[in-house]
Amino acid sequence: MNKSGRLLYILSLLRNNKSLDARKLAKMCGVTERTIYRDLTTLSEANIPIFYHNGYKLASETFLPPLNFSIDEYLMLRSALMASPLMENHPNRKTAEILLSKLNAVINGNIPLNLKSGDILSYLNPSSSDKFSRDAARIFAELENAAINDFQVDLQYENLQGKLTKRRVDPYFVVFRNHGYYLVGFCHLRRDYRTFRVSRIRDLKTTGNVFRRDRNVQAESYFSQSWEFASGKPVEFEVEFKGTAARLMKTNQYHESQKIKKMPGGKIRYTARASGLDEIARWLVRYGEEARVVSPKELRDIVKKLAGGILKRYRR
């Protein structure tokens, strides 16, 4: 990013954030703190009113005219940007983050702050989308409104076994992750945070009761230790891959914790630490005899059960 582009980016960041110091600005711009101090001096010399109080702030925002977006218009623009497959590529992702920051800097006051900061709608591992029916689209819209306003919801949810359960949930955010939209919220039935696939919510009603949000629960960190969606205590596992599967492992990043050790004969040892052994087992089954679980025994037993079920099915 050249200096002129960086100066505009800093202005966008200062308008959209109220507690950025030089260290944070340097990290977001990819430069040193010394460069940031020089940039702030340049902006001040251009008569742009910047002051420091628990972070750098703009004394006046009138030189950045607002864009009059409705909430629906803003969400569509943000969705198109954040759900794009281009977000998987680092250089493009940085450009997208700059565009989003500039968009947030000039939108009008109709957009709630929690939407601008991404607290409600997040897009992780973008891919193909769920296809919503008209009724499902209504549920999704009501869910968005409830999450924005911190309203509790009553929902009927169909689990993977086809059983309907009634839940009262504090909706925190909706994430787009691995082919579908998921609601993350505090489930009063289970007394814990749960993940619900939006397309399996059969009915939803807003109660009107307001819940108190735990600000420590954030979309960016909620799935950091999950393999896909599962929560719980992370488990370290080790798998030996060979053949095509080994070559795939060496060219893909399946989890942020993964480590790969090369072995003789083109084999590899794959280790990672994540929660969700059932999800990991389903992932491993697709590689057939080219994947062998070394540890833990619990994961090996789940894979054997899944593989045995497949074999039994085809023997019929």
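**Sheet, helices and ring cluster in a predicted model**

Me: In what order do the strands of the open sheet β9 to β12 run, and in which sense do they pair?
Reply: This is a predicted model. Strands β9 and β12 pair in the antiparallel sense over four bridges. The open sheet has four strands, ordered β10-β11-β9-β12, and its pairing is antiparallel.

Me: Which residue in β12 stands opposite Val239?
Reply: The strand pair to look at is β9 and β12, antiparallel with four bridges. The residue in β12 opposite Val239 is Val293.

Me: Which are the edge strands of this sheet?
Reply: The order is β10-β11-β9-β12. An edge strand here pairs on one side only. The edge strands are β10 (259-262) and β12 (291-295).

Me: Over how many bridges do β9 and β11 pair?
Reply: The two strands pair in the antiparallel sense.

Me: What is the bridge partner of Lys262 in β11?
Reply: β10 and β11 (residues 268-274) are antiparallel partners over four bridges. In β11, the partner of Lys262 is Ile268.

Me: What angle does helix α9 make with β11?
Reply: Helix α9 covers residues 243-251 and packs on the sheet. It touches β9 (235-241), β10 and β11. Its direction makes an angle with that of β11 of about 55°.

Me: Across which strands does helix α11 lie?
Reply: Helix α11 spans residues 297-315. It runs at about 150° to β12. The strands it lies across are β9 and β12.

Me: Is Ser275 buried or exposed?
Reply: Ser275 sits in the loop between β11 and α10 (277-285). Its contacts, beyond neighbours within four places in sequence, include Trp227, Gly232 and Val235. Its relative accessibility is 3%, so Ser275 counts as buried.

Me: How far apart in space are Ser275 and Pro234, C-alpha to C-alpha?
Reply: In sequence the two are 41 residues apart. They are also in contact. The C-alpha to C-alpha distance is 4.1 Å.

Me: Why is the pair of Trp227 and Phe237 edge-to-face?
Reply: The model has 13 aromatic pairs. In this one, the ring centres are 5.6 Å apart. Planes over 60 degrees apart count as edge-to-face. The planes of Trp227 and Phe237 stand at 80°, so the pair is edge-to-face.

Me: Where in the chain do Trp227 and Phe237 lie?
Reply: Both residues are buried. They are 10 residues apart. Trp227 is in the loop between α8 (219-222) and β9, and Phe237 is in strand β9.

Me: What is the angle between the planes of Trp283 and Tyr287?
Reply: Trp283 is buried, at a relative accessible area of 4%. Tyr287 also counts as buried, at 12%. Their rings form an edge-to-face pair, 5.7 Å centre to centre, and the angle between the planes is 85°.

Me: Which residues do ring pairs link into a cluster?
Reply: Trp227 and Phe237 form an aromatic pair. So do Trp283 and Tyr287. The cluster consists of Trp227, Phe237, Phe241, Tyr254, Tyr270, Trp283 and Tyr287.

How values were computed
Residues numbered from 1 in each chain as written. Predicted model: local features only at pLDDT ≥ 70, side-chain atom pairs only at ≥ 80, totals over all residues. Heavy atoms only, no water. Pairing = 2+ DSSP bridges. Contact = heavy atoms within 4.5 Å. Axes fitted to C-alpha atoms, helices over the stretch in contact; angles between N-to-C directions. Buried < 20%, exposed > 50% of the residue type's maximum accessible area, 1.4 Å probe, protein only. Phe/Tyr/Trp six-rings, centres within 6.5 Å; stacked < 30°, edge-to-face > 60°.
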